[in-house]
Each structure stands twice: as structure tokens, then as C-alpha cells.
Amino acid sequence: MTKKVLDGVKVVDFSQFIAGPLVTKPLADFGATVIRIEGRTRLGGYRALGPFKGGSPSAERSVTFTPFHSSELSVAINLAKPQGIELAKRIISWSDIVVENFAGGVMKRLGLGYDELKKLKPDIIMLSSCMMGQTGPYSTHPGTGNQLTALSGFNYITGWADRPPAAVDAYTDFIAPLYSLVTILAALDYKRREGKGQYIDISQYEAGIQFMAPLV
């Protein structure tokens with residue numbers, strides 16, 4: 001079997017919807033072992049949305065979920081319980097990279113912030129990719145790519161001048177992952193050369209709004 005460029009790289013994925021999985025799935029496609037941390041009672045975004053193969057709602061039959069996670073593994077853990085957090089930490093100790101896109105501060109409140117993960121594995125690489133980054137007055141702003149696309153101004157420049165803005169769906173969800181991937185690969189190269197990990201804080205808003213630079 002042909003060896004892939006990321007064979008041996010281990011990733012723990014806490015992310016949801018598009019902006020996170022479009023980071024972890026390419027890593028898996030190129031050989032990394034990716035394990036998603038999910039819950040049974042609080043299903044990940046696209047598992048619950050459907051549409052569902054056969055028409056009957058099921059976490060295992062979401063047609064939307066499948067293409068974003070086809071190369072990954074998954075485990076269900078209840079992060080609301082201390083035992084769940086401890087199990088998640090054991091998996092993180094095995095990994096090289098942790099990816100999450102919760103609202104700013106959520107991982108830290110769970111006891112899974114970067115400072116804690118460094119205690120488990122000093123050379124861990126962690127990517128946080130939330131809407132507004134982990135610091136600043138809007139860091140805890142939750143939401144999806146649809147809202148962020150509007151906040152970034154993309155809706156404002158679409159449609160006809162005499163009509164309301166036209167929505168362009170979750171456009172920013174397809175911009176931020178490209179920057180996330182590049183920075184993770186750079187962090188892996190740095191770890192290879194220096195033996196040190198990195199914390200990567202990517203604001204999806206900043207990644208998207210630079211596409212508006214000429215108008216801004």
C-alpha cells in the first residue's frame with residue numbers, strides 16, 4: 001500500500017458543521033488518523049440536520065454529514081461528565097493535533113484549553129477556529145457560517161441595488177479552513193524541526209473579511 005504524506009499523524013477532532021471538518025477531513029485523506037469526539041444525546045450539526053438516506057432520521061444516515069467525515073473515525077463521549085473529560089484527555093494524550101471550532105472559551109471551560117493539553121502532551125498542536133477568535137469583546141459570539149458571512153459583509157455586496165441583500169449561504173466556512181490547514185502543516189513542520197507544539201487561534205471573521213479588502 002502506498003504511504004501517504006501524513007501517515008502516522010494523529011488528530012482529535014471536536015469540530016462541527018463545515019469550518020472544522022474541512023480541516024480534519026483533508027488531513028485524514030492524506031493519511032492522518034482522525035478521531036471525532038461526539039455525543040449521543042447532543043448530535044453534531046450535520047448528523048441531526050439530514051436529509052437522511054431512506055427518509056428516516058438517523059445519526060448514521062445523514063447524507064449531509066457523510067461527505068465531510070468519510071475518512072474519519074468517531075467515538076461518543078459525554079463531555080458534561082468528569083469521566084467523559086478524563087476519557088477525552090486520554091485520547092488527546094495519544095494525539096499530535098487537536099482541532100475545535102466551538103465558541104471562544106468553551107474548551108477552556110471544559111478543562112480542555114491549550115494550557116491543560118500541554119500538561120498532557122507538551123508538544124501538542126491545537127487549532128481553535130471560532131467566529132471571532134479567542135480574545136476580544138466578541139470572542140464568545142456563537143454562530144454559524146451563514147451569520148458570519150453576513151457579518152463579514154458578503155451579503156451586502158450581492159443582489160441588485162434596488163433590492164435587499166441576497167444571502168450567499170455559509171461562504172466563510174469554505175475560506176477559514178484553507179488558512180487552518182496551512183497553519184497546521186506549518187506547525188507540524190516546526191514540530192519536526194524544533195520538537196515544539198503550537199497554539200493556533202484563527203478567527204473565521206478575519207480569515208473571511210480579508211476577501212473584502214478592496215471594498216473596505
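Here is a short chat about a predicted model and how its parts pack together.

Visitor: Hi! What kind of sheet is there, and in which order do the strands run?
Guide: Hello! This predicted model has an open sheet of six strands, in the order β3-β2-β1-β4-β5-β6, and the pairing is parallel.

Visitor: Which strands stand at the edges?
Guide: Those are β3 (73-76) and β6. Each has a single partner strand, so one side of each is left without a neighbour in the sheet.

Visitor: And how big is the twist from one strand to the next?
Guide: The average is 20°.

Visitor: Can we look at β1 and β4? Over how many bridges do they pair?
Guide: They pair over three bridges, in the parallel sense. If you want a residue to look for, Asp13 stands opposite Val99 in β4.

Visitor: What does α8 touch on the sheet?
Guide: Helix α8 packs on the sheet and touches β4, β5 and β6. The direction of α8 makes about 170° with that of β6.

Visitor: New topic: how many residues are in the largest nonpolar core?
Guide: There are 18. Val11, Leu27, Ile97 and Ile184 have the most contacts inside this core.

Visitor: Which elements give two or more residues to that core?
Guide: They are α1 (21-29), β4 (97-100), β5 (125-130), α8 (176-194) and β6 (198-203). Helix α8 gives the most, with four residues.

Visitor: Why would nonpolar side chains be together like that?
Guide: As a general point, nonpolar side chains tend to be buried together in soluble globular proteins.

Visitor: OK, back to Val11. What does Val11 touch?
Guide: Leaving aside residues up to four places away in sequence, the contacts of Val11 include Thr24, Leu27, Val34, Ile35, Trp94, Ile97 and Val99.

Visitor: What about a second core?
Guide: A separate core of 16 residues includes Ile91, Ile92, Leu117 and Ile124.

Visitor: Let's go to α1. Which of its residues are buried?
Guide: Pro21, Val23, Thr24, Lys25, Leu27 and Ala28 are buried in α1. Among the elements covering the buried residues of α1 are β1 (10-13), β2 (33-38) and α3 (66-69), and also β4, β5 and α8.

Visitor: And what comes just after α1?
Guide: Gly31, which takes a positive phi of about 115°.

Visitor: I like rings. How many aromatic pairs does a search of the whole structure find?
Guide: The search finds two. In one of them, Tyr114 and Tyr199 have ring centres 5.1 Å apart and planes at 20°, so the pair is stacked.

Visitor: Where do Tyr114 and Tyr199 lie?
Guide: Tyr114 lies in helix α6 (residues 114-120) and Tyr199 in strand β6, so the pair ties together parts that are 85 residues apart in sequence.

Visitor: Buried or exposed, what are they?
Guide: Tyr114 is buried, with a relative accessible area of 17%. Tyr199 counts as partly exposed, at 31% relative accessibility.

Visitor: What about Phe154 and Tyr171?
Guide: Their ring centres are 4.9 Å apart and their planes are at 75°, so that pair is edge-to-face. Phe154 and Tyr171 lie in the loop between α7 (145-151) and α8, 17 residues apart in sequence. Phe154 is buried, at 7% relative accessible area, while Tyr171 is partly exposed, at 35%.

Visitor: Last one: what lies over the face of Trp94?
Guide: Lys10 does, at 5.9 Å from the ring centre.

Note on methods:
Residues numbered from 1 in each chain as written. Predicted model: local features only at pLDDT ≥ 70, side-chain atom pairs only at ≥ 80, totals over all residues. Heavy atoms only, no water. Core = buried A, V, L, I, M, F, W, Y, C linked by side-chain atoms within 4.5 Å. Buried < 20%, exposed > 50% of the residue type's maximum accessible area, 1.4 Å probe, protein only. Contact = heavy atoms within 4.5 Å. Phe/Tyr/Trp six-rings, centres within 6.5 Å; stacked < 30°, edge-to-face > 60°. Lys NZ or Arg CZ within 6 Å of the ring centre and 35° of its normal. Pairing = 2+ DSSP bridges. Axes fitted to C-alpha atoms, helices over the stretch in contact; angles between N-to-C directions.
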